[in-house]
Amino acid sequence: MGLLERAKRYRKAYENWISRMLTIYRNTKRYRKAYENWISVLWAVHKNKPRIKLKLRNGLQLESSPRAVNLISAMFYHDLHIIRASDELLELMLNGESTVFFGWLHGDPAALPDYDWLDVKGKRVLDVGASIGDTAVYFALRGARQVVAFEPYPFPYSYALKNVEANGLKNVKVVNAGVSGHDGTVKVTKGETTTRDDLKASDEPGAVEVPVYSLDRVLEEYGPFDVMKMDCEGCEYDAIASSKGIGEIKQIQIEYHYEPVRLLEALKNAGLEAKATKPKKFLNPHASDPDKSLGYVYAWKGLVPQASP
C-alpha cells in the first residue's frame, strides 16, 4: 500500500471516529433532556438492545425500540408535547389540539416543527412524500384550507389514511401515487417501508402497481397550490427540473438528499427566490444511492415570508 493510499485510509478512519463521537455527544444531550434514566438508555442503545425501557421527563414510561428512543428525544429537543406513546400510537398536543399518529415509528413526527416556516393558513398545500400523513395532518391543524398529499408506498399510505380519519380531518386528500419528472407506473412492495426509502421497483411476489405523476400533471389535475412541501428521497431533482409550472407556487420547502445546486438553479430560473441550508452527510442504507447530503431548500415568490428560514 502506497503512502498516499495509507494516508487516505487513516483520514477516513479519523473522520468516522469524529462522526461517532459527535453522534454520542448529540445523543447524550438529547437523552438527558428527554429521559430520567438517560444513562441506561444511552448504554442500551450502545449495546444495540432491541427493547429499551424509557422513563420520560414528563412522567410517561414505556418500553420500545431504538427508533422510538431517537424520535422521542428529538421531539423533546423540539419541545413537542407528548401526551402518550406506545409502539402503536403517539399522541401529541399540536396547535392546542390532541393529535394522534398511528404508525409513528415509521414516520418522522419529530420533524414537524421544521415546516413552521411554511405559511399554510388558509392556503392549498401540496405534500409530496406524505409518509404516514404526519405533515399533512400538521398542515391541516395549522389552518390549511386543503392539503393534497402523495405517498407511493402502500404501507405508509394506509397509515396516512388512518391518521387523517383518526383526527377527523375532512380537508386532507391522500393519493397513493409517486411524483417524478414524467408520468408512468411502478411496481412497489406492499411490505414495511421507512421514511428513508426512495421510490424503487420491486419484483417480489405481491408487489403492486402504483401510478407516478409528473409534477406538472399534479399541478394541473389537483392544483392550483399556494404552498408545497416535498420530501421524496431523491425524486425532487427530476420533478423540479422538468416542471414548467413550479413558478406558480408561492412558497416551497424541499428536503434535498444529495446537493442543492440543481434545485436552486431550477427554482431561480422559474422566477422564485431560493436559498439552501448547509448539507449534512448522511448514510442511508435504504436508498439506491446510500451516500446522501441532507438539507432544506426554501423558495418563495415576492416578499420574503415573515418567518424567514
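Two strands are taken to pair if DSSP finds at least two bridges between them. The model discussed here is a predicted one.

**Strands S3, S4 and S5**

Strand S4, residues 89-94, is joined to strand S5, residues 97-102, by 6 bridges, and the two run antiparallel. S4 is also joined to strand S3, residues 81-85, by 4 bridges, again in an antiparallel arrangement. Glutamate 91 of S4 takes part in both pairings: arginine 84 has glutamate 91 as its bridge partner in S4, and glutamate 91 has valine 100 as its bridge partner in S5.

S3 and S4 have 3 residues between them, while S4 and S5 have 2 residues between them. In the latter hairpin, asparagine 95 takes a positive phi near 50 degrees. Strand S4 is mostly covered, with 5 of its 6 residues buried.

**Helix H3**

Helix H3 comprises 12 residues, 66-77. From its first C-alpha to its last it reaches 17 Å, which is close to the 16 Å expected at 1.5 Å a residue. The buried residues of H3 are Ala68, Val69, Leu71, Ile72, Ser73, Ala74, Met75 and Phe76. Just after the helix, aspartate 79 takes a positive phi of about 60 degrees.

**Salt bridges**

Side chains of opposite charge can pair when their charged atoms come close. The structure holds 9 salt bridges, including those in the table.

| Salt bridge | N to O distance |
|---|---|
| Glutamate 63 and arginine 51 | 3.8 Å |
| Arginine 51 and aspartate 87 | 2.8 Å |
| Arginine 262 and glutamate 259 | 2.6 Å |

In the pair of arginine 262 and glutamate 259, arginine 262 is partly exposed at 49% relative accessible area, and glutamate 259 is partly exposed at 22%. Elsewhere, salt bridges that share partners join Arg51, Glu63 and Asp87 into one network.

What does the salt bridge between glutamate 63 and arginine 51 tie together? Glutamate 63 lies in strand S2 (residues 61-64) and arginine 51 in the loop between helix H2 (38-46) and strand S1 (52-55), so the pair links parts that are 12 residues apart in sequence. The salt bridge of arginine 51 with aspartate 87 ties together parts that are 36 residues apart in sequence, because aspartate 87 lies in the loop between S3 and S4.

Key
Residues are numbered from 1 along each chain as its sequence is written. This is a predicted model: local features need pLDDT of at least 70, side-chain atom pairs count only at pLDDT 80 or more; totals for chains, interfaces and linings use all residues. Side-chain values use heavy atoms; hydrogens and water are left out. Buried means under 20% relative accessible area, exposed over 50%, partly exposed in between (1.4 Å probe, protein chains only). The expected span of a helix is 1.5 Å times one less than its number of residues. A salt bridge is a side-chain nitrogen of Lys or Arg within 4 Å of a carboxyl oxygen of Asp or Glu.
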